[in-house]
Protein chains: 2
Amino acid sequence: MLTKKELEDFCADAGKNYLPHISIDCVVFGFHEGVMKVLVLETKNKDEWYLPGGFLLKKEPIETAANRILKERTGLDKIFLQQFHVFGDPERSKEHFDMYKDMLPANENWFTNRFLTIGYYALVDFYGTTLVQDQFGGLGTWRALDDLPELRLDHALILKTALDTLRLQLNYQPIGYNLMPKEFTMPELQKLYETILDKKLDRRNFQRRMLGFGILTKSEHLRKGGAHKAPYLYSFDLENYEAALKEGFKGGW
Amino acid sequence: MLTKKELEDFCADAGKNYLPHISIDCVVFGFHEGVMKVLVLETKNKDEWYLPGGFLLKKEPIETAANRILKERTGLDKIFLQQFHVFGDPERSKEHFDMYKDMLPANENWFTNRFLTIGYYALVDFYGTTLVQDQFGGLGTWRALDDLPELRLDHALILKTALDTLRLQLNYQPIGYNLMPKEFTMPELQKLYETILDKKLDRRNFQRRMLGFGILTKSEHLRKGGAHKAPYLYSFDLENYEAALKEGFKGGW
């Protein structure tokens, strides 16, 4: 929660810079070696948790805004964010209304307005990412999906909707190019799917279906070392991968 | 295009009633017996074509607004509209800016503002639908996809994005409950898919895949009459259909 002074400072400029009634919130899923986390922001006073979000500059394209906001609030840069849903419940920011309504008169108070928020999501490798403090002294943290703090406003709903969207997306679009090493085994790729879906998949069905999508190239050499029979290595066929991103899988209609 | 008087009348109330900077546009695809059309709106002077759209009341949920707007502008009621994308290019309504900027000073002129528009789409049976005039004297028409007038603003992009979304949706969700008779043959259902996708599908693959989704029930009786061998009749298994709408096809992961 902002202090009265911080609120006054923010509101003095907010109306000049930002389009009213619209915000953007980002759900960044992080994957690394079989572990999936989500990026959440703890406020300076360590009393509140949010998804990283912010407001749209008056003449700014919304995709540019999503990337700027994520960078300003967490330090993450050049992330491919996908728009997935607008949350437009008139009561969705009531918590902020109640929190701030007595600090400033309504006509000077940014947070007594109604806000629609545009949700963006991404799936990145969180290994080696560096998170920085935002302008309010908040700091981002990667938290496991089963170890999330309670999120304010409707941010738990936004997170759940993003996760549902990501899981549905696995049925019609490829995933993993930015998450897997250049060459990987089929069990390593399966682990990515199992982690996102939070369930075990049948090994043979997975392999058959994945090969059927036509987005993998089998390497000529096997992985060396290890006690077991050396497994085949695969890489993504980028041309087919990009085409499937645009048009959905060939396994489609 | 509105006259100066019509613009003044509209702007006098718009700022009081509507949330600024946000609009909603609806893409309604109509299907009937192998023909697919889209609902477009011709203005009173018959000089401009738009998708049916409008603005969000200050305290109105966005889904309610989408339905109200579609009803007010075309007469279509109780349509299941799905949100699919926000269009946020800062220049997307420049055409309206140029059209209206000299008629009223900027501070009284609704149309000199930037608007983000939330796109909603639906697929309905257009047979028997009754279209009515909107408050500006415009009238909706069902037009074939290959016989569309030139749409104003970015409405051609909105329509194309909706069509891409609908086609992608065929890969992971069921479709057709509100479009097919209670009992139908496999070729009739295939015709729906072919019409939406605008391409021929293989008869045997279609049948195998469609049955694999587990959303069809085979009827005990065959269709009577006709010169050919009587075809099997199917109906949708509503329980499985609803589940697949929510979670995607079982054929998924």
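Copies are superposed by least squares on the C-alpha atoms of residues with pLDDT of at least 70 in both. In this predicted model, a rotation of 180° with 0.0 Å of shift along its axis brings chain B onto chain A, with an RMSD of 0.0 Å. The two copies are thus related as by a two-fold rotation axis.

**Interface of chain B and chain A**

- Chain B contributes 37 residues to the contact, and chain A contributes 37 residues.
- The copies meet through the same surface, because 100% of the interface residues of chain B are also interface residues in chain A.
- About 2,900 Å² is buried between chain B and chain A, and 68% of this area lies on carbon and sulfur atoms.
- Zero salt bridges are found by the rule across this interface.
- Ten residue pairs are in polar contact across the interface of chain B and chain A, with both residues at pLDDT 80 or more.

**The side of chain B that touches chain A**

- Four strands of chain B each supply at least two residues to this side: β1 (18-32), β4 (53-57), β5 (82-87) and β6 (116-125).
- Helices α5 (186-197) and α6 (203-212) of chain B also supply at least two residues each.
- By residue class, this side of chain B holds 22 nonpolar, eight polar and seven charged residues.

**Aromatic pairs**

- Over all chains, the rule counts 41 aromatic pairs.
- One of them joins Y193(A) and F206(A), which lie 5.3 Å apart centre to centre.
- The planes of Y193(A) and F206(A) make an angle of 70°, and the pair is classed as edge-to-face; the cut-off for that class is over 60 degrees.
- This pair links distant parts of the chain, with Y193(A) in helix α5 (residues 186-197) of chain A and F206(A) in helix α6 (residues 203-212) of chain A, 13 residues apart.

**Both ends of helix α7 of chain B**

- Where helix α7 (residues 238-247) of chain B starts, a side-chain oxygen of D237(B) comes to within 3.1 Å of the backbone nitrogen of E239(B).
- Just after α7(B), G248(B) has a positive phi of about 85°.

Note on methods
Residues numbered from 1 in each chain as written. Chains lettered and ligands numbered in written order. Heavy atoms only, no water. Contact = heavy atoms within 4.5 Å. Buried area = accessible area lost by both parts, 1.4 Å probe. Salt bridge = Lys/Arg side-chain N within 4 Å of Asp/Glu carboxyl O. Polar contact = N/O pair within 3.5 Å; in protein donor to acceptor, adjacent residues only side chain to side chain. Nonpolar A, V, L, I, M, F, W, Y, C, P; charged D, E, K, R; others polar. Phe/Tyr/Trp six-rings, centres within 6.5 Å; stacked < 30°, edge-to-face > 60°.
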